[in-house]
Amino acid sequence: MPFKLLKPLAPAKERRLGRLSRMCFQAALKAMEQARFEITDSSRVGIVVGTAHGAISLLDKFDRRIVAEGILGTSPILFSNSVHNCVSSFISLALGINGPSTTIVNTELSTASAIERANSWLNDDIVDHVIVVVGDELN
């Protein structure tokens, strides 16, 4: 079942997003809403996404196309959305955040690793706020 955003994006942009990016973006929006957080200095806000495996359905689709059709049968959109850091990058761009952004892929330790990274950015005074999102999809 496709995941639909509660806060819509431009149709062309939403069509290009992978399911994991959609879910994590929605989670970031929900977290900001629940915390009543508004971005005042976008350079002092960071994004950390934790995931066990990344956008596994897109990786699977991309790999299957390479096997079936060769490298010329692949899609640039599939490739760009299968890169692990695309999730945090999309959230940063969509929210206008200019601080650090990373996606941590660390199997069962992704949540702890994401929180640790956020904490280190705060302790090192790199940012004043960090939005941490953890998500995975089944394939």
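Helices (H or I, at least four residues) and strands (E, at least two) are DSSP runs, numbered from the N terminus. The model shown is predicted, so local features need pLDDT of at least 70 and side-chain atom pairs count only at pLDDT 80 or more, while totals for chains, interfaces and linings use all residues. Residues are numbered from 1 along each chain as its sequence is written, and side-chain values use heavy atoms, with hydrogens and water left out.

**View 1. Helix α5 is mostly covered.** The buried positions of α5 are Cys86, Val87, Ser88, Phe90, Ile91, Ser92 and Leu95. Glycine 96 follows α5 and has a positive phi, near 70 degrees.

**View 2. Helix α2 packs on helix α5.** Helix α2 covers residues 19-35, and its axis lies 9 Å from that of α5, at an angle of about 50 degrees. Axes are lines fitted to C-alpha atoms, for helices over the stretch in contact, and angles run from 0 to 180 degrees between N-to-C directions. From α2, the contact (heavy atoms within 4.5 Å) is made by Leu20, Ser21, Cys24, Phe25, Ala28, Leu29 and Met32. On the α5 side, the residues are Cys86, Val87, Phe90, Ile91, Ala94 and Leu95. Among these α5 residues, Cys86, Val87, Phe90, Ile91 and Leu95 are also on the list of buried positions. By class, the contact of α2 with α5 has 12 nonpolar residues, 1 polar residue and no charged residues. Ala, Val, Leu, Ile, Met, Phe, Trp, Tyr, Cys and Pro count as nonpolar, Asp, Glu, Lys and Arg as charged, and the others, Gly among them, as polar.

**View 3. Phenylalanine 25 and phenylalanine 90 form an aromatic pair.** A search of the whole structure finds 1 such pair. Rings of Phe, Tyr and Trp (its six-membered ring) pair if their centres lie within 6.5 Å; planes under 30 degrees apart count as stacked, over 60 as edge-to-face and the rest as tilted. Here the ring centres are 5.2 Å apart and the planes are at 70 degrees, an edge-to-face arrangement. Phenylalanine 25 belongs to helix α2 and phenylalanine 90 to helix α5, so the pair links distant parts of the chain, 65 residues apart. Phenylalanine 25 is buried, at a relative accessible area of 2%, and phenylalanine 90 is also buried, at 10%.

**View 4. Threonine 107 and aspartate 125 have positive phi values.** Threonine 107 has phi near 40 degrees, positive although the residue is not glycine. This threonine lies in the loop that joins β2 (101-105) to α6 (110-123) and is partly exposed, with a relative accessible area of 36%. Aspartate 125, likewise a residue other than glycine, has phi near 55 degrees. Its loop runs between α6 and β3 (129-134).

**View 5. Arginine 64 and glutamate 69 are exposed residues of helix α3.** Helix α3 spans residues 56-69 and includes arginine 64, whose relative accessible area is 56%. From the C-alpha atom of arginine 64 to that of threonine 74, 10 residues apart along the chain, the separation is 9.0 Å. Glutamate 69, in the helix α3 as well, has a relative accessible area of 53%. Between the C-alpha atoms of glutamate 69 and arginine 19, 50 residues apart along the chain, there are 24 Å.

**View 6. Serine 113 is a buried residue of helix α6.** Its relative accessibility is 17%. Apart from neighbours within four places in sequence, serine 113 is in contact with Ile104 and Asn106. Serine 113 and valine 49 are 64 residues apart in sequence, with a C-alpha to C-alpha distance of 9.6 Å.

Notes: Buried means under 20% relative accessible area, exposed over 50%, partly exposed in between (1.4 Å probe, protein chains only).
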